[in-house]
Amino acid sequence: MTTTAPTSPGTRADRPPWEELTALLRGPLVLPDDDAYDEVRAVYNGMIDRRPAALARCRDTVDVVAAVGFAREHGLDLAIRGGGHNAGGLGVWDDALVVDLSLMRSVRVDPTTATVRVDGGCTWQDVDHATVGFGLATPTGFLSSTGVGGLTLGGGVGYLSRRYGLTVDNLLSADVVLADGRLVTADAEHHPDLFWALRGGGGNFGVVTSFEFRCHPVGEGGVVIGGPVLYDIGDTAEVLRWYRELLPSLPEELSGWFGVMTIPPAAPFPEELWGRKACGIVWCYTGPHDRADELLDPVRSFGEPLVVGMHEMPFNVLQSAFNALYPAGLQWYWRADMYESISDEAVDVHSRYGEALPTGHSTMHLYPIDGAAARVPQDATAFAYRSGGWAGVMVGVSPDPADNAAMTEWARSYWSELHPTSAGGAYVNFMMDEGEDRVRAAYRGNYARLVQVKTAYDPTNFFHVNQNIRPAGA
């Protein structure tokens, strides 16, 4: 999905008085004529090519307030960019003012209360580095290059979800710049309706400049046991049937996601396996190591694995293990759904499309949402899929735009065949620009309450460059 503005932004007759905003900011304001413009506007998904009118690289909350006020005063669209990982590239927008938080990167851990305060521009790599040194972590995703803000506001499914819940289940408070320019702190006692909505409702309600999370002990002093166990792609059906029955029975300190993939042509994978299509599970065990062999021997020894790559490592090393394989700038096309079960019909679809992987980076993942994440009531947070199961995503990925048509068709066809086995909606963090019906399906019965909160805090839909929840009457 490539969007190109018909005119050069920032050069029109109604060009806003950018010099006024520049005078209000500590951070730089990047305009289309600046040398840094193309670098700063780029996002993780190289398929997205949008040209904002300007990017305010905020250094603090006061900068964010100034940028929000300027956009409101001059009738500009506003986009909010944290880590830039958003599947649909919604951190940038044609002719918009982008509030770029990526210079706001402070992290403060309090080991006595097991909490961490995190600026809105941080990536999870920033957070993991700070917390793991104290033997702690807060539930995150699966790539540490992901931004904290986007992942958190969409829910936050990751290696620790079975044991400690989603990221939003561990959010204690958030500092938010609202559409009217006010800065508020949302938590269980202050603006509780806003706090409820932030926990899964995306960027619809304001710009979050700071998050406070609960942390938990992981492994032994932050050292876990994790890594992939990979099988030939022809074993997909056998492995997936075993995995779907096994996972719910495992202790919650052991989790693993299933995927189909191509073995990367790089160490530590054996050279004779480079480029081979495979299926497998990436495991993460966060419990005491004296129980590890008892729990892990069955998952190491099942079937005829090609690779058994499970080792002791700091949790942040596992979190960053795939960063180098998926650097910023690759072409991405995403399709996703939630699945409350993995039916025999679904197993057959996964087997066929795994065999047909269109590029070396293309993949499909199934991430478990059970255990602690499923014990949270569906209406306790905006994130609605609490009945167990998996968040599934199929992505066509390539460094070469010439592959876009083939990998997009693969992902669309895969999704279309699998969708009848789904729970109806998708994890918003895996969605591209798919329309209002898909947004509604992502929130199930929570959508009506989200509309109420949106109407109270953003009645004009000022924050609309997102998986948008329209206020009443919009």
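**Note on a three-domain predicted model**

1. The domain assignment of the protein chain gives domain 1 (23–100), domain 2 (107–218 + 444–457) and domain 3 (223–430). What follows concerns a predicted model.

2. On confidence, the protein chain has a mean pLDDT of 95, with 97% of its residues at 70 or more. Residues 1–13 have a pLDDT below 50, and in the model this stretch makes 25 contacts beyond near neighbours in sequence. Those contacts should be read together with the pLDDT below 50 over residues 1–13.

3. How far apart are the centres of domain 1 and domain 3? Taken over C-alpha atoms, the separation is 33 Å. The two domains do touch: six residues of domain 1 are in contact with 14 residues of domain 3.

4. UniProt, in an unreviewed entry, lists residues 48–218 as "domain: FAD-binding PCMH-type". In the model this span is 24% helix and 26% strand. The C-alpha atoms at the ends of residues 48–218 are 37 Å apart.

5. By class, the lining residues of the second largest pocket are eight polar, three nonpolar and three charged.

6. Most residues other than glycine have a negative phi, and most peptide bonds are trans. Asp-95 has a positive phi, near 65°, and sits in the loop between β3 (78–81) and β4 (97–100). His-191 also has a positive phi, near 50°; its place is the loop between β9 (183–187) and α7 (192–198).

7. Where in the model is Pro-268? This proline belongs to the loop that runs between β13 (254–262) and β14 (277–285). The peptide bond joining Ala-267 and Pro-268 is cis, with omega about 10°.

Technical notes
Residues are numbered from 1 along each chain as its sequence is written. This is a predicted model: local features need pLDDT of at least 70, side-chain atom pairs count only at pLDDT 80 or more; totals for chains, interfaces and linings use all residues. Side-chain values use heavy atoms; hydrogens and water are left out. Ala, Val, Leu, Ile, Met, Phe, Trp, Tyr, Cys and Pro count as nonpolar, Asp, Glu, Lys and Arg as charged, and the others, Gly among them, as polar. UniProt positions are given in the numbering used here, feature names are shortened, and annotations may be inferred rather than shown by experiment. Helices (H or I, at least four residues) and strands (E, at least two) are DSSP runs, numbered from the N terminus. pLDDT is the predictor's confidence in each residue, from 0 to 100. Contact means heavy atoms within 4.5 Å. Domain bounds come from an automatic or database domain assignment.
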